[in-house]
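Student: I am new to this structure and should like to go through it by question and answer. May we begin once it is on display?

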Amino acid sequence: MLKDIPALTVKSSNINRHVNNSRATSVNRASLGLLLSALMLGGLNVSAQAQDSPTQSAQKASSPDQQAAAQVLDLLNQYSSDANWDKYFALYRKDGIFIGTDAKERWGMAEFEHYSRPTKGWRYDLTERHLIQHGDVILFDELLNSPAYGVSRGTGTLIKTDGNWKIAQYHLSFPIPNEIAKSITAEIKAANKQ
């Protein structure tokens, strides 16, 4: 299975920078350790390169397919920021699904379009992205920064459709630090009881 996935390169300078960064948390070090273990065992190679601008991918895609898929995701963030809904929704498959941050937000494209069009858009700037390709399917996860919400996570699937990469599913979430997870989930439970 893994042999079918084009590998993304890890540069030793990036690893050293992350390991030597005095602000790195034990979680980041543990994640880096797991990543290095996976690399040594012949697993996936991913890049942790920083970006120069919000529209650039935070990782260097290694194949033309991955580059095209990364471009789709970059455009998704640009079009939502501009509230350019025609171009935004053209990036999705017609049977696409958007899963929002609220547990009630699992929308098909018609529902999501009905929600989105009256808005002035939303801004999410790319911080980090990872792509894994399985033939005509690309799985992705990305960290984003929103002026309104701070750190957010987007995950999903792109499927090659009529020669172009289209979003089949996008899931936006707020990653909660473990240290405050119980207090946040307690607030969510209380809100759900109301």
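Student: Which side chain meets that of Asp-125 in a salt bridge?

Tutor: This is a predicted model. Asp-125 is buried, its relative accessible area of 18% lying under 20%. With N and O 2.7 Å apart, the partner is Arg-123.

Student: Why does the salt bridge between Asp-86 and Arg-117 tie together parts that are apart in sequence, and how many residues apart are they?

Tutor: The closest N and O atoms of Asp-86 and Arg-117 are 2.8 Å apart. Asp-86 belongs to helix H4 (residues 85–90), whereas Arg-117 belongs to the loop between H5 and S3, so the pair joins parts whose separation in sequence is 31 residues.

Student: Which strands are the edge strands of the sheet?

Tutor: Six strands make up an open sheet of mixed pairing, in the order S2-S1-S6-S5-S4-S3. An edge strand pairs on one side only, which here applies to strand S2 (106–108) and strand S3 (125–134).

Student: Which residue in S2 stands opposite Phe-98?

Tutor: Strand S1 (residues 92–99) and S2 run antiparallel and are joined by three bridges. The residue opposite Phe-98 is Trp-107.

Student: Over which residues does pLDDT stay under 50?

Tutor: The protein has an average pLDDT of 78, and 69% of the residues score at least 70. Where pLDDT is low, the predicted coordinates should not be read in detail. The stretch that stays under 50 is residues 1–57.

Definitions and conventions:
Residues numbered from 1 in each chain as written. Predicted model: local features only at pLDDT ≥ 70, side-chain atom pairs only at ≥ 80, totals over all residues. Heavy atoms only, no water. Pairing = 2+ DSSP bridges. Helix = DSSP H or I, 4+ residues; strand = E, 2+ residues; numbered from the N terminus. pLDDT = per-residue confidence, 0-100. Contact = heavy atoms within 4.5 Å. Salt bridge = Lys/Arg side-chain N within 4 Å of Asp/Glu carboxyl O. Buried < 20%, exposed > 50% of the residue type's maximum accessible area, 1.4 Å probe, protein only.
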